[in-house]
Amino acid sequence: MTALDRIEPTLADVIWTRTSSEARTAYPPLDADREVDLIVVGAGFAGLSVALHAARAGLSVAVLEAGTVGNGASGRNGGYAVPHFPGALRPSQVEARLGRKKGEALVSLVSAGPDLMFEQIRQYQIRCDPEQNGWAQPAHSQKALASTRAIFEEWKALGAPVEWLDRDGMTAALGAAGYLGGWWRKSGGTVNPFALAMGLARAAVAEGATIHERSPVSKVFRENGRAVALAGGRRVSGRKAIIATNGYTDPLMPGLQRSGISVRLFHCVTEPLSPDLQKEIAPTRICFTDLRKSGGFSRYDRDGRIISGGAVFSLGNPKDYGLAHARRRVVELFPQLKGREPRFEAYWEGYCSITESALPNLQVLDENIYSLLGFSTRGVALTQNIGRIVGEFLAEKSTLDDVPLEVVEGVRSISMHGVKTLVGRNIFPVYRAMDRYGFT
């Protein structure tokens with residue numbers, strides 16, 4: 001299965017397209033050979049952010065997108081801007097993996113991530129319904145309580161403005177049931193992710209980049225000292241190239257698709273809740289994600305819809321299975337809804353890229369040809385902030401040592417990639433059982 005098989009360019013079922021305040025701009029396909037300073041493959045958050053900041057630094061940039069802007073994970077995710085790493089990953093573990101210098105830099109970037117993202121939204125006046133009401137990581141079990149406490153203590157020791165809430169405090173803040181406590185931080189928030197992608201594309205073009213939609217790249221290689229991308233019978237030649245396709249990565253260079261696990265996820269939204277219900281459920285509009293394997297998270301959109309979701313279970317009817325799970329989970333989180341369950345009005349799926357470390361990396365595929373992938377469900381803020389740093393590196397404003405990621409020479413293939421991908425498509429019932437019996 002190629003990326004084109006997984007792309008649905010119209011995003012017909014995605015609620016964010018119907019509620020976006022950013023105009024949906026169409027960009028022309030590549031219709032002639034081109035020469036530029038930088039080729040960017042992929043018009044999601046990562047590729048658009050690289051393009052925006054590289055163009056701002058003076059490079060001529062061409063963005064090649066197989067479908068349309070934001071039609072992958074960037075336009076389909078839940079829109080959470082989180083000042084933390086995936087799940088239970090702690091800052092000390094990140095530093096142990098990357099070393100002190102890069103580890104501290106990435107920890108600082110993740111900590112400041114939402115603030116930096118919301119500032120850029122203001123700078124470019126992106127109309128993506130930004131809300132910076134805070135993000136919480138509540139604990140649904142004793143095991144999760146110990147994990148979240150350890151995470152909280154590390155962030156607190158680093159001087160981050162985090163706050164611990166006991167059972168009653170978390171219940172009052174979230175209007176959700178069953179949590180034993182947890183921590184939160186005011187800088188977290190939410191956006192309409194599709195509108196954000198549209199706004200980033202608008203900003204990149206304003207800075208001088210060009211975007212070509214419906215221009216799937218079939219191959220990237222080095223020829224006569226330059227990077228070359230083939231797209232629809234046309235050639236784009238550049239001094240440098242970067243592939244930023246994440247969960248929609250094809251073997252544009254040998255083995256590249258095996259450097260991340262493409263995980264299929266679903267999201268769905270309820271109809272808008274009444275104003276009275278919104279006073280009981282998430283009254284502070286703090287968004288949250290817990291440590292459940294089966295999707296313990298929630299937020300409102302601008303109109304009062306509740307977001308739910310999880311990993312797609314590929315056997316049987318994935319949509320029916322996902323919606324049934326979401327109905328149960330929403331009532332479990334918010335028992336106030338029992339007997340007056342809202343209708344779910346939209347369901348959609350998409351793919352994200354997960355690495356074995358749960359951290360993104362920058363792969364040096366050939367001289368001046370790179371790939372950036374593996375944001376592991378934390379891509380809303382981190383893609384944009386890493387994209388800025390990588391864009392400035394590609395514009396030679398900094399060095400590889402200044403990029404706060406692991407730099408891999410060549411392709412790092414994940415062992416047993418096919419098996420792990422297959423397991424990921426069918427493991428969701430196991431995750432539900434693990435949550436139910438206290439293993440998470």
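Q: Is the crossing of α11 and α14 left-handed or right-handed?
A: The rule comes first. A crossing is left-handed if the near helix is turned anticlockwise from the far one by less than a right angle, and right-handed if clockwise. Here α11 and α14 cross in the left-handed sense. The model is predicted: local features need pLDDT of at least 70, side-chain atom pairs count only at pLDDT 80 or more, and totals for chains, interfaces and linings use all residues. Residues are numbered from 1 along each chain as its sequence is written, and side-chain values use heavy atoms, with hydrogens and water left out.

Q: At what angle do the axes of α11 and α14 cross?
A: Axes are lines fitted to C-alpha atoms, for helices over the stretch in contact, and angles run from 0 to 180 degrees between N-to-C directions. Helices (H or I, at least four residues) and strands (E, at least two) are DSSP runs, numbered from the N terminus. Helix α11 spans residues 318-333 and helix α14 spans residues 428-436. Their axes come within 12 Å and cross at roughly 15 degrees. That makes α11 roughly parallel to α14. The classes are: under 35 degrees roughly parallel, over 145 roughly antiparallel, 65 to 115 roughly perpendicular, the rest oblique.

Q: Which residues of α11 and α14 make the contact?
A: Contact means heavy atoms within 4.5 Å. From α11 come Tyr321, His325 and Arg328; from α14 come Phe428, Pro429 and Arg432. By class, this contact of α11 with α14 has three nonpolar, one polar and two charged residues. Ala, Val, Leu, Ile, Met, Phe, Trp, Tyr, Cys and Pro count as nonpolar, Asp, Glu, Lys and Arg as charged, and the others, Gly among them, as polar.

Q: At what angle do α6 and α12 pack?
A: About 95 degrees, with the axes of α6 and helix α12 (residues 379-394) 8 Å apart. That makes α6 roughly perpendicular to α12. On the α6 side, the contact includes Leu106, Leu109 and Val110; on the α12 side, it includes Ile386, Arg388 and Ile389. The residues of the contact of α6 with α12 divide into 11 nonpolar, four polar and one charged.

Q: Is Ser111 buried or exposed?
A: Buried means under 20% relative accessible area, exposed over 50%, partly exposed in between (1.4 Å probe, protein chains only). Ser111 has 13%, so it is buried. Ser111 lies in helix α6 (residues 100-123). Beyond its neighbours within four places in sequence, Ser111 touches Pro83, Trp155, Ala160, Arg185 and Ser187.

Q: In what order do the strands of the open sheet with β12 stand?
A: Two strands pair if DSSP finds at least two bridges between them. Three strands form this open sheet, in the order β15-β12-β16, with antiparallel pairing. β15 (307-311) and β16 are the edge strands, each pairing on one side only. Neighbouring strands are turned by 25 degrees against each other on average, direction ignored. Strand β12 (residues 261-270) pairs with β16 over 10 bridges. Ser262 has Ser353 in β16 as its bridge partner, and Arg264 stands opposite Tyr351 in β16. Helix α13 (residues 417-426) lies across β12 and β16, at about 15 degrees to β12.

Q: How many residues of β16 are buried?
A: Eight of the 11 residues of β16 (residues 344-354) are buried, so this strand is largely enclosed by the rest of the structure.

Q: Which residues cover the two faces of β4?
A: In β4 (residues 135-138), Trp135 and Gln137 are on one side and Ala136 and Pro138 on the other; all are buried. Strand β6 (residues 181-185) joins β4 by four bridges and runs antiparallel to it. β13 (residues 287-289) pairs with β4 in the parallel sense over two bridges. Ala136 stands opposite Trp184 in β6, and its bridge partner in β13 is Phe288.

Q: Which residues is Leu174 in contact with?
A: Beyond its neighbours within four places in sequence, the contacts of Leu174 include Ala136, Pro138, Ile281 and Phe288. Leu174 is found in helix α8 (residues 167-174). Its relative accessible area is 0%, so Leu174 is buried.

Q: What is phi of Leu11?
A: Most residues other than glycine have a negative phi. Leu11 has a positive value, near 50 degrees. Its place is in the loop between α1 (3-6) and α2 (15-19). Leu11 is buried, at 0% relative accessible area. Arg285 also has a positive phi, about 60 degrees, and is not a glycine. Arg285 lies in the loop between α10 (275-280) and β13. At 24% relative accessibility, Arg285 counts as partly exposed.
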